[in-house]
Amino acid sequence: MAKKIDISTKVQQGEPVGVIAAQSIGEPGTQMILKTFHFAGIAATITTSGLPRIVELLDAKKIPTTPFSSIYLMDEAKKDFVKADQIAKKINEVRVNDISRRILENFSNGKIRIVLDKQALEAVDLTPSQVAARISKAYELDAAATPEGNVEISTHTKVLKDIRSISVKLMHALVSGVAGAGKAVVTQSKTTGEFYIESAGSNIELMLPIDGIDKAKIYTNDVFEMYKVLGIEAARNVLAKELKETFDGQGININERHVLLVADAMTSRGHIESIGRHGLVGSKESVFARAAFEETVKHLINAAAFGETDFMRGVTENILVGKQIPLGTGVVKLAVKKQDVEKKSKK
Amino acid sequence: MAKKISEKCYIHLNGRAIGHVADPLAFVSEVRSARRKGAISGEVNIAYMSRLNVIHINTDRGRVRKPYIIVEDGKSKLTKELLDKLQKKEIEFNYLIRAGALEFLDAEEEENALVAISESDITPKTTHLEVDPTMIFGLTINTAPYPESNNLARHLMFASYIKQAQGLYATNFNLRFDSRAYILFYPQAPLITTTAYETLKFSNHASGQNFVIALSTQYGYNKQDAVVVSKGAVDRGLGRSMFYKTYSDEERRYPGGQKDVFKMPPATTDGYLGEHAYAKLSDDGIIEPELDVEEGDVLVGKVAPPRFLEENLGAGGLEEKTRDDSIVVKPGEKGVVDRVIFTESPGATKIVKVRVRGIRVPEVGDKFGSRHGQKGVISQVVPNEDMPFTESGIVPDLLLNPHGIPGRMTFGHLLETLSAKAASLKGSKIDGTAFAQTGKERMDDYTKILEAYGFDKHGEEQLYDGVTGRPFKAKIFTGIVYYNRLYHMVSNKMQVRSRGSVQILTHQPTEGKARQGGLRFGEMERDVLVAYGASLLLKERMLDQSDKWPVLICNDCGSFGYRDYAKKLNVCPLCGGSNLTEVEISYAFKLLLDEIRSLHIRPRIGLNE
């Protein structure tokens with residue numbers, strides 16, 4: 001029985017799945033609202049949603065507006081909040097700006113003093129000497145903790161411009177955590193009760209080597225990062241998942257197959273392509289199909305300059321000239337042609 | 001420094017800064033009291049913008065202003081004595097302004113006012129009182145009954161429907177030559193009126209009729225916004241109207257001394273429409289009144305000089321060529337010539353206006369609207385004997401679907417149904433002005449009247465199916481509602497095309513009713529056929545029924561060729577060969593290739609098989 005259904009629901013030869021996917025996504029897509037309302041919650045959970053997110057994904061934007069990653073943990077840590085929190089602290093991105101009140105530059109002796117915010121420092125489990133050690137290691141500067149609990153840096157220069165440029169660099173210096181990871185917070189799963197880490201940024205390349213995290217389950221909504229670190233198949237999965245979840249979030253139910261087709265099309269050439277004139281449509285084989293979409297003149301001029309040939313294999317170009325389209329009933333051709341029969345009968 | 005400037009309250013007179021004051025509130029109240037005393041003009045409005053710490057004084061023209069009753073210390077200045085005097089006509093409205101009981105506020109000063117809607121709403125902070133609670137609605141909405149019982153969005157819809165209502169738009173309509181005019185045959189004053197309606201004397205030129213309605217479904221024929229109408233009622237003149245259309249033409253003069261001439265065009269004119277088209281014209285080439293005309297008939301025969309001059313040059317003694325420029329009745333239109341007038345333009349050229357009239361009997365597709373933003377389109381005209389009827393033999397004029405009421409929250413519609421029924425029994429109009437009575441008072445009044453005349457107090461009646469004669473299982477809410485016939489009528493919009501004219505440039509069918517056009521089979525419609533895989537149907541739409549064009553294509557060099565009928569040969573003008581194949585392509589594609597060729601780019605077509 002199951003087999004019967006399976007066969008009957010299979011797509012047939014010549015079925016225009018692309019157009020059906022486009023219509024199935026496009027029609028309910030018109031109901032999507034541009035601005036979405038957010039609910040109060042942790043800062044890390046606010047991500048772009050609705051139409052802007054869909055546009056971002058289909059345009060294959062290099063950096064998402066709101067990058068976000070979920071880091072799942074291995075055996076012990078996922079049941080123990082304290083252990084999970086330790087890992088989260090390794091990830092949580094802390095820069096000098098986040099833990100300092102002000103940066104004082106002393107141009108007469110060439111020293112820079114970072115006045116630390118003790119509360120902020122405590123919150124991220126750091127000591128002034130750790131901060132100093134980190135700065136001196138990363139920037140090859142003489143940094144030391146002062147008795148008052150601040151950090152002082154000797155620049156060994158008295159050139160005003162150099163001191164200022166160092167202090168500006170220091171403001172954004174990474175003190176602990178993974179660059180680009182953003183705020184990492186331990187969260188408890190509502191379904192399994194296990195702990196995992198959510199972070200308002202993503203850099204899974206640097207997160208993966210950290211001990212105690214589940215390398216197989218790490219997730220980011222950054223499609224390009226997924227492609228870079230884990231490959232095109234992972235990127236395709238993320239793309240499909242993000243699209244589907246964005247539609248679901250808007251209360252729009254679209255069959256997964258349509259979304260998967262879009263994700264497949266965007267990744268089928270081994271790299272991520274957008275849907276539009278810079279991506280899929282712009283790389284169509286047919287000159288006429290490209291010219292009919294956008295930048296008509298550009299495509300016609302290039303076709304003329306390079307002597308391109310249109311093989312009339314697509315839909316658009318065949319409608320343009322008035323031929324039967326090679327889809328649906330148009331894929332069926334006679335195996336034996338009339339002339340061949342005549343030729344044979346003559347022999 | 002910066003702080004000191006903002007401490008000063010600047011005064012803008014008609015948008016121009018003229019000075020500043022230290023205490024803005026005291027200044028504003030001083031100006032206002034001076035205005036109320038009559039020391040300064042009542043047309044001065046002053047407003048203090050507390051957020052910007054600025055005073056705006058406006059005395060210029062073009063401001064919309066509205067009268068309010070002044071309230072001081074929680075008491076209305078329009079006292080009982082003043083009201084009594086006003087009623088006895090001892091004083092007039094302007095006296096109240098001079099007496100400081102009323103004042104006009106503009107949009108800016110309204111921002112400073114706290115207005116109570118009725119006297120009971122006055123609090124110590126109140127500064128003004130509405131002249132009447134109905135003032136919260138506009139004039140148009142106040143002509144509708146029970147607006148306080150309806151959803152706000154429905155008021156706006158009523159306001160737009162009433163503009164489209166056919167009625168008696170002008171009593172001299174018979175003398176007017178409006179390009180389009182609609183006159184209702186039997187306009188009625190509504191059974192439920194309002195103060196605003198009576199003040200406007202709207203019933204002197206009413207735009208609707210009182211329809212007997214039943215909130216009942218009719219075999220599903222009135223689903224959504226469809227309504228079922230009784231043919232009996234339509235035959236008796238319900239909603240019947242006259243449509244007037246004026247065709248006008250002028251004997252234009254052209255540079256070079258040529259001019260148009262109104263006359264019976266001779267058969268030699270360019271574009272002569274054939275003898276039968278001019279058959280109804282009199283000798284002067286203009287139609288006579290009271291003649292039946294239909295599409296293709298000429299109303300005014302006009303002969304114009306040729307569009308381009310060269311045709312006449314060099315042909316000295318020959319007769320001057322002329323072009324037929326007659327007015328023809330547009331496709332799909334018909335009627336009777338009502339009136340013909342001759343007049344003169346400022347440039348002393350002759351003008352003819354022909355007014356054609358036609359009766360518009362309500363038919364399937366015509367639009368109606370009640371005064372509660374409830375529109376309806378006739379879906380069926382049911383013979384009188386097949387309509388449901390009440391025990392007393394009343395047949396409703398219109399059957400409205402009850403599902404249209406709850407979602408739209410037009411309770412006023414139900415209230416009107418009930419009260420108009422009471423009014424018709426009582427034999428006098430009932431007042432439906434907003435806030436005039438409470439809902440309970442109204443219901444008590446209406447139910448009393450209905451019971452007194454032996455009807456169900458809630459307006460429900462036992463109805464019998466006109467087709468089967470059986471009683472309906474449920475009692476049905478029946479009453480009277482005032483309906484407007486709106487000017488969207490199928491007979492003025494309907495259009496069909498099977499074959500017809502095409503555009504010159506693209507060879508594709510024309511668009512629009514005036515050009516006998518087709519309905520565009522656009523990109524999205526095309527996608528639907530693609531998605532279905534109906535490749536041959538798609539080809540039929542896009543090519544065979546559109547801009548199919550046979551071309552000869554050279555098998556050797558791929559360029560367009562032609563047929564030399566003298567030599568009975570196909571010729572390729574580029575390579576000189578005669579090995580060509582005829583193919584059908586879309587004219588739009590041929591045009592594209594032509595344009596590309598004109599850019600000195602040579603497209604070549606290769607053919608398979």
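The dialogue below walks through the chains, their domains and their interface in a predicted model.

Trainee: Which conventions should I keep in mind for this model?

Mentor: The model is predicted, so local features need pLDDT of at least 70 and side-chain atom pairs count only at pLDDT 80 or more, while totals for chains, interfaces and linings use all residues. Residues are numbered from 1 along each chain as its sequence is written, chains are lettered from A and ligands numbered from 1 in the order in which they are written, and side-chain values use heavy atoms, with hydrogens and water left out.

Trainee: Which domains does the assignment give in chain A?

Mentor: Domain bounds come from an automatic or database domain assignment. In chain A it gives domain 1 (11-63 + 227-267), domain 2 (69-91 + 181-220), domain 3 (94-176) and domain 4 (284-330), and the centres of domain 2 and domain 3 of chain A, taken over C-alpha atoms, are separated by 29 Å. In chain B, the centres of domain 2 and domain 4 are 67 Å apart, again over C-alpha atoms.

Trainee: How much area is buried between chain A and chain B?

Mentor: The size of an interface is often given as the accessible area lost when the parts come together. Here the buried area (accessible area, with a 1.4 Å probe, that two parts lose on being put together, summed over both) is about 1600 Å², of which carbon and sulfur atoms give 71%. A:Ile319, A:Val321 and A:Gln324 supply 28% of the area that chain A buries against chain B, more than any other three residues.

Trainee: How many salt bridges and polar contacts does the rule find across the interface?

Mentor: A salt bridge is a side-chain nitrogen of Lys or Arg within 4 Å of a carboxyl oxygen of Asp or Glu, and across this interface the rule finds zero of them. A polar contact is a pair of N or O atoms within 3.5 Å; within protein, one must be able to donate a hydrogen and the other to accept it, and residues adjacent in sequence count only if both atoms are side-chain atoms. By that rule seven residue pairs, both residues at pLDDT 80 or more, are in polar contact across the interface of chain A and chain B.

Trainee: How many salt bridges are there over all chains?

Mentor: The count over all chains comes to 51. One pair is A:Asp125 with A:Lys89, whose closest N and O atoms are 3.5 Å apart.
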